[in-house]
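Hi there,

Here is the structure I promised to pass on. Please have a look at it first, and then read on for my notes.

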Amino acid sequence: MAKQRTFIMAKPDAVQRNLIGEIMQRFERKGFHLIGAKLMNVPRELAEEHYAEHKEKPFFGELVDFITSGAVFAMVWEGENVIATARNMMGKTNPAEAAPGTIRGDFGISMGMNIIHGSDAPETAEREIKLWFKEDELHVYEKTINKWI
Ligand code: RTP
Ligand code: MG
């Protein structure tokens with residue numbers, strides 16, 4: 001399996017509940033490498049573009065309202081099979097159905113405020129990384145490995 005990159009976002013509820021470190025630690029301990037990260041407020045147009053696939057859904061307005069309601073922590077993680085593995089680590093979309101031990105299962109409360117976003121396929125990951133990060137905001141992990149320690 002080739003190395004992949006995926007876009008992960010701690011949603012405003014996770015940032016407000018001080019869960020950024022908890023989320024990052026899970027990905028680090030799993031063995032993935034962080035290659036991009038930023039705390040940011042999300043412009044409405046960016047939120048709408050990000051969730052464009054849900055534009056016609058009844059919950060679209062609420063979803064965009066939520067994502068733009070406070071700072072998010074946007075990340076790019078790299079590693080073998082990271083796209084599907086991250087989705088498993090996140091758990092089901094509805095926290096009530098997400099298994100204990102998953103991020104949503106351990107911390108999420110409601111469908112609308114479910115802590116974390118992760119790209120759901122290779123094409124989505126590529127699109128989302130381009131949408132949220134400039135090329136020079138992403139770091140090449142091989143350049144840092146074993147350099148100082
Ligand atoms: P995400 O895109 O945020 O990572 O979540 P996901 O892939 O697990 O779920 P998706 O189907 O892409 O839905 C995006 C977000 O919309 C909200 N949602 N509400 N009320 C509803 O029926 C409903 N369905 C989805 C959730 O907050 C979900 O994370
Ligand atoms: Mg989704």
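**The aromatic residues**

Phe7 and Trp132 are both buried. Please keep in mind throughout that this is a predicted model.

By the ring-pair rule, the count comes to three aromatic pairs. One of them is formed by Phe7 and Trp132: the ring centres are 5.0 Å apart and the planes are at 25°, so the pair counts as stacked. The cut-off behind that label is planes under 30 degrees apart. Distant parts of the chain are linked by this pair, since Phe7 is in strand β1 (residues 3–10) while Trp132 belongs to helix α7 (residues 122–132), and 125 residues separate them.

**The annotated binding site**

Next, the UniProt record. Its entry is unreviewed, and its "binding site" annotation covers Lys11, Phe59, Arg87, Thr93, Arg104 and Asn114. From this set, Lys11, Phe59, Arg87, Thr93, Arg104 and Asn114 are found in the lining of the largest pocket.

I took a closer look at two of these residues. You will find Phe59 in the loop between α3 (44–50) and α4 (60–67). Its relative accessibility is 38%, so Phe59 counts as partly exposed; the class runs between the 20% and 50% limits.

Thr93 sits in another part of the chain, in the loop between α5 and α6 (103–107). With a relative accessible area of 40%, Thr93 is partly exposed. Leaving aside residues up to four places away in sequence, Thr93 touches Arg104, Met111 and Asn114. Arg104 and Asn114 are also among the residues that the UniProt annotation covers.

**A threonine in helix α5**

One more residue to look at while you have the model open is Thr85, in helix α5 (residues 82–90). Is Thr85 buried or exposed? Its relative accessible area is 17%, so Thr85 is buried, given that buried means under 20%. Again without residues up to four places away in sequence, the contacts of Thr85 are Lys30, Phe32 and Glu80.

That is what I have for now.

Best wishes

Notes: Residues are numbered from 1 along each chain as its sequence is written. Chains are lettered from A and ligands numbered from 1 in the order in which they are written. This is a predicted model: local features need pLDDT of at least 70, side-chain atom pairs count only at pLDDT 80 or more; totals for chains, interfaces and linings use all residues. Side-chain values use heavy atoms; hydrogens and water are left out. Helices (H or I, at least four residues) and strands (E, at least two) are DSSP runs, numbered from the N terminus. Buried means under 20% relative accessible area, exposed over 50%, partly exposed in between (1.4 Å probe, protein chains only). Contact means heavy atoms within 4.5 Å. UniProt positions are given in the numbering used here, feature names are shortened, and annotations may be inferred rather than shown by experiment. On a 1 Å grid over the protein atoms alone, a cavity is a set of points where a 1.4 Å probe fits but cannot get out, and a pocket is an open set with protein on both sides within 12 Å along at least five of seven lines; lining residues have an atom within 4 Å of a point. Rings of Phe, Tyr and Trp (its six-membered ring) pair if their centres lie within 6.5 Å; planes under 30 degrees apart count as stacked, over 60 as edge-to-face and the rest as tilted.
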